[in-house]
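Subject: Structure for your review

Dear colleague,

Please find below the structure that I am handing over to you, with its sequence.

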Amino acid sequence: MAGVMLLMAAPAIGQSSETVGTRLRHQNEDGERVPVEGVVISVTTTDGSEVGEGATDSEGVFSVPVSGPGVYLVTIDVNTLPAGIRLREPDRTTVEVEVLESRDGRAIFSLISGDAEPMEESGGVSVRRVAQLTTEGVKLGLFLGMAAIGLSLVFGTTGLVNFAHGEMVTWGMLSAYFFNYFGLAGVFGFMAGWWPPLGEGVNLIFAAILAVIVGGATGYLMDRWVLRPLRTRGVSLIAQMVVTIGLSILARYMFLFVFGGNLRFFRDYSAQSALQIWIIEITPKDLITVILSVLILIGVGFFLQRTQTGKAMRAVADNRDLAESSGINVQRVIRIVWIGAGALAGLGGVFIGLAEQLSWLIGFRMLLLIFAGVVLGGLGTAYGALLGCLLVGIGIQLSTLFIPVELKNIGALVVLALVLVVRPQGILGRRERFG
Amino acid sequence: MSGSNLASRLWDRIRRRDDFEPDLGWVLDDSRRKWMAEHTSGVTKPDPALVIKNLRRTFGGLTAVDVDHLEIQRGVITALIGPNGAGKTTLFNLLTGFDRPDSGSVLFDGRDIERMRSHVRARKGLVRTFQLTKALTKLSVLENMKLGAKGQVGEGFARSLVPPLWRVQERAIEKRAMELLERFSLAHMASEYAGTLSGGQRKLLEMARALMSRPAVVMLDEPVAGVNPALTQSLLEHVRELPIEGMTVIFVEHDMDVVWDISDWVVVMAEGRVIAEGLAEDIGKNRAVIDAYLGSGQGIENPEEEAP
Amino acid sequence: MALAAIDWGFILIQTVETSLGLEAAVYALAAVGLNVHFGYAGLLNFGQVGFVAMGAYGMGLSVTLWSLNPFLALLVGMGFATVFALILGVPTLRLRGDYLAIVTIAAAEIVRLLARSTTLGEITRGAEGLHGFIGPFRELNPFDPGAEYGIGPVQFPGNQFFAIVVGWAVTAVALVVIWQLMRSPWGRVVKAIREDEDAARALGKNAYWYKLQALILGGVIGGLAGMVQALGKATIQPDSFVPAYTFFFWTVLILGGVGRIWSPVVGAMIFWAMLTFFQGTLTAMVNEGLIPTALMDTSQVSQIRFMLVGVGLALLMVFRPQGIFGSREEMILDVR
């Protein structure tokens with residue numbers, strides 16, 4: 001993200017002259033980006049005349065003022081790099097930098113740990129690896145599915161694709177983080193010193209329960225204060241969709257503002273050693289969250305199949321007009337769907353955060369995978385959403401047997417496009433929705 | 001088979017076009033049952049424009065359309081009637097390619113059109129209107145009309161950028177559009193947005209727009225639903241004129257007066273099947289049909305048994 | 001009075017610069033493409049930034065990888081955008097509009113992730129972005145790179161000015177082409193499909209094919225926006241194509257009024273004027289201590305900017321879908 005800010009930020013205001021330099025940072029094992037100090041950098045003009053030379057400071061920054069806009073060359077002295085850190089592209093020691101008026105020129109050198117390979121190992125198909133990846137895939141699929149059911153039910157009952165659903169996932173994750181670390185005082189400073197969970201953090205289990213409540217409340221508020229008024233105004237679905245996009249951008253960058261761009265972890269259960277079950281390694285927290293998700297999803301299924309409200313939901317999703325004319329209170333059903341969707345998204349967020357890291361952007365990344373799962377399973381069907389997400393989760397993990405890890409999510413999205421060609425209604429969808 | 005006999009009566013009917021009142025006091029006795037058996041689906045026509053063979057379409061477990069054999073006579077007005085959910089609109093969709101059947105085929109001028117997509121069928125002359133009017137509200141009435149014309153040079157991407165290629169044709173299309181609008185009493189609205197038209201005017205516009213392409217078969221889905229009585233009469237006048245211009249008309253209608261008024265031949269559907277077909281006056285006297293139509297369901301206990 | 005300490009003159013100059021300069025030209029062009037998609041053909045493209053990226057990378061790679069001349073590079077950029085449109089459109093345009101929305105937003109993100117991946121790092125130079133393609137383009141620059149061009153206090157350096165002139169010239173050409181298309185029978189069919197696809201099909205129009213054409217046309221124009229941006233910035237950064245920027249283009253389009261020929265240009269100018277003024281003021285207020293640094297620092301100003309656009313987009317969509325100058329009657333966008 002730093003790159004975006006750098007690039008898109010309007011020229012720094014109040015600056016009269018330009019500088020050229022670089023900021024060296026390196027990602028350590030915890031995923032934090034730490035400055036690299038004491039590396040010698042030299043800046044020259046394109047015809048080779050020297051502008052300045054020096055070492056990076058404690059912030060990893062070195063810069064020299066230049067006479068004006070133009071193109072400059074920035075060279076890094078690789079011999080001065082600390083041990084264990086090297087350039088990702090060893091040949092690229094000199095970078096061309098263009099300086100525009102009242103804009104500083106920044107050279108970007110990409111640093112990696114000396115022993116870290118640029119790519120995770122991906123070779124070797126063994127039973128053990130397949131079993132392990134399948135387990136990881138089921139885990140991811142269950143978490144995605146938990147979030148996806150809400151998205152799918154909202155679509156089924158109202159026809160709306162909620163693009164802010166990913167932010168509801170992040171919201172659950174981040175509220176659990178705040179309850180876990182600071183309590184509400186993390187947001188409302190005046191509460192500092194009050195009782196937990198207001199003034200200080202609580203155990204993650206309790207924080208997760210609070211996050212689910214917050215998620216459900218958010219779902220309720222989304223329906224009550226945003227989408228129901230739009231429906232009563234008769235605003236079209238397309239416009240509603242754009243509104244949810246506006247909200248998702250608002251929420252996403254609000255998260256960035258409050259939470260920052262770094263990756264973080266929950267206070268509890270972050271470092272656990274894995275258990276060995278048969279040939280599969282799984283951490284206790286993952287095992288517990290997987291079991292919990294299965295139980296919760298069974299509960300959701302039971303709710304949809306057996307309870308009056310659940311049946312009403314399916315009826316509304318099936319045929320809204322028919323449901324309405326047979327006496328079902330559609331607005332109430334939609335409200336409950338939204339509350340459930342918010343709560344499940346929140347819990348999904350907590351689980352994903354526990355399995356991976358917390359970030360302001362994770363909801364959006366998950367949303368794309370959820371879309372893939374939901375379309376694969378059949379848009380608007382609750383069980384299809386779950387099935388699709390499981391397949392997407394397993395597919396993503398198993399695909400790393402053959403493709404680089406960094407491309408695994410892309411594979412899922414390519415599958416999404418292929419599904420639309422072959423069977424647009426999804427695995428469990430019905431044909432008549434399509435012309 | 002009484003088919004040829006019926007066909008000759010059909011021609012008579014075309015020549016006479018008299019009005020009559022349905023006799024609701026009619027009782028379903030054995031002789032009428034026999035009549036029904038003779039009139040149930042599958043009557044062959046002298047010169048069919050459309051032939052439907054074993055056409056089936058199911059939604060989930062529900063059979064929406066299941067037509068063994070149905071022919072639509074060229075150059076006459078055929079009404080398609082039946083209670084709600086009888087499969088009339090689904091049949092329209094299947095005929096025009098807006099929906100795909102599970103099995104079966106449709107012959108148009110003797111050729112199987114099953115594999116043709118909807119717009120190709122329209123180009124071949126099978127043009128429809130919709131139950132809920134689809135006036136293109138943010139286009140002017142005239143633009144709506146011009147859209148209906150076939151074979152427009154300027155509809156190609158590259159050619160559209162060179163106006164001299166299509167300007168002459170455009171003028172001819174505009175002339176024809178204005179003539180049709182004149183005929184349908186919409187000429188004064190030509191430059192208005194179609195969105196400003198009343199419901200009845202939209203029905204008129206949609207029909208006029210369909211005629212722009214000089215279709216062979218015009219399929220009207222409830223052409224007078226929601227149209228005020230004064231406009232209904234003028235609309236029906238236009239429908240009556242279509243066969244004279246050589247067009248075949250199929251229409252779905254719930255208003256029985258309209259059906260008796262303008263149709264030559266009536267096809268009755270219930271639960272996806274064609275349960276009877278015949279001359280309008282014969283069908284009108286048939287109590288079973290009326291019962292089926294009104295949904296009391298007492299007229300025909302078991303259509304399958306009745307069918308030959 | 002602390003507000004007096006803010007250099008309002010400077011902020012105003014910045015405001016004028018961005019609303020006439022490269023930013024506005026790029027956004028106007030991208031929104032022109034979006035206007036073809038959504039305003040005229042009714043296509044829900046939520047991944048316009050993907051087309052912008054495809055255009056930029058197509059042009060950049062033509063030079064760095066294949067050493068093509070600038071005009072061929074331009075064609076390759078357009079080709080990239082076309083291929084992208086085909087990949088997106090062929091599977092989805094037969095389906096309901098939501099599917100295109102879902103697939104485009106996902107595909108745009110795929111493009112960014114692929115471009116910044118180490119797997120393609122040899123080609124696209126990963127997260128640090130593509131450099132070193134600008135040379136051949138700069139040779140075409142008729143303006144003196146050392147000199148400044150502009151009116152009064154609003155001045156652009158020669159190379160920048162070149163990109164701006166090219167940007168607005170391309171926008172003008174695109175507008176003329178679209179104006180001609182939309183008053184032709186082709187445009188009539190496309191608009192009919194926007195209003196009601198089934199009606200168009202019932203009249204014998206191949207809705208799928210027209211939608212595909214419109215998707216390609218708008219996508220290529222989006223690609224041109226990417227090329228103009230690359231020309232002005234002399235670098236192609238994958239992270240300048242984050243998904244949120246698509247909705248900046250949407251905001252531009254709705255600001256100007258969907259489905260009208262000038263709306264993207266008007267929208268882009270207003271959008272950048274508002275954004276830059278807001279950002280400049282906020283940054284200055286932080287610098288002058290009017291906003292405590294505990295609350296926010298200058299680097300967070302651009303985050304506020306995203307939030308503002310998010311709220312703005314939602315509010316515009318509900319309350320002024322016809323654009324800020326438009327009237328309800330001429331509203332193309334059927335919100336109700």
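Contact here means heavy atoms within 4.5 Å. Please bear in mind throughout that this is a predicted model.

The interface of chains A and C

By that criterion, 64 residues from chain A and 70 residues from chain C take part in the contact between the two chains. The size of an interface is often given as the accessible area lost when the parts come together. For chain A and chain C the buried area is about 6300 Å², and carbon and sulfur atoms give 70% of that area. Zero salt bridges are found across this interface. Polar contacts are present between chain A and chain C, with a count of three residue pairs, both residues being at pLDDT 80 or more.

On the side of chain A that touches chain C, the elements giving two or more residues are α1 (2–8), β9 (94–99), α4 (204–233), α5 (237–259), α10 (362–377) and α12 (408–422) of chain A. The largest share of that side comes from α5(A), with 15 residues. By class, the residues on this side of chain A are 46 nonpolar, seven polar and eleven charged.

E98(A) belongs to strand β9 of chain A. Beyond its neighbours within four places in sequence, E98(A) contacts G70(A), V71(A) and G105(A), and also R138(C), N159(C), K233(C) and A234(C). E98(A) and P69(A) are 29 residues apart along the chain, and their C-alpha atoms are separated by 7.5 Å.

E53(A) is found in strand β5 (residues 50–55) of chain A. With neighbours within four places in sequence again set aside, E53(A) has contacts with V40(A), I41(A), S42(A) and F62(A).

A helix pair in chain C

How do α8 and α11 of chain C pack, and at what angle? Helix α8 (residues 158–182) and helix α11 (residues 207–233) of chain C have their axes 8 Å apart, at an angle of about 170°. Angles over 145 degrees count as roughly antiparallel, and α8(C) and α11(C) are therefore roughly antiparallel to each other. Residues of α8(C) in this contact include F162(C), V166(C), V170(C) and I178(C), which face a set in α11(C) that includes L217(C), I221(C), L224(C) and V228(C). The contact of α8(C) with α11(C) comprises twelve nonpolar, three polar and no charged residues.

Salt bridges

Over all chains, the structure holds 27 salt bridges. One of the pairs is in chain B, where the side chains of D66(B) and R56(B) meet at 3.1 Å, N to O. D66(B) lies in strand β2 (residues 62–73) and R56(B) in strand β1 (residues 48–59) of chain B, ten residues apart.

Yours sincerely

Note on methods. Residues are numbered from 1 along each chain as its sequence is written. Chains are lettered from A and ligands numbered from 1 in the order in which they are written. Side-chain values use heavy atoms; hydrogens and water are left out. Buried area is the accessible area (1.4 Å probe) that two parts lose on being put together, summed over both. A salt bridge is a side-chain nitrogen of Lys or Arg within 4 Å of a carboxyl oxygen of Asp or Glu. A polar contact is a pair of N or O atoms within 3.5 Å; within protein, one must be able to donate a hydrogen and the other to accept it, and residues adjacent in sequence count only if both atoms are side-chain atoms. Helices (H or I, at least four residues) and strands (E, at least two) are DSSP runs, numbered from the N terminus. Ala, Val, Leu, Ile, Met, Phe, Trp, Tyr, Cys and Pro count as nonpolar, Asp, Glu, Lys and Arg as charged, and the others, Gly among them, as polar. Axes are lines fitted to C-alpha atoms, for helices over the stretch in contact, and angles run from 0 to 180 degrees between N-to-C directions. Angles under 35 degrees count as roughly parallel, over 145 as roughly antiparallel, 65 to 115 as roughly perpendicular and the rest as oblique.
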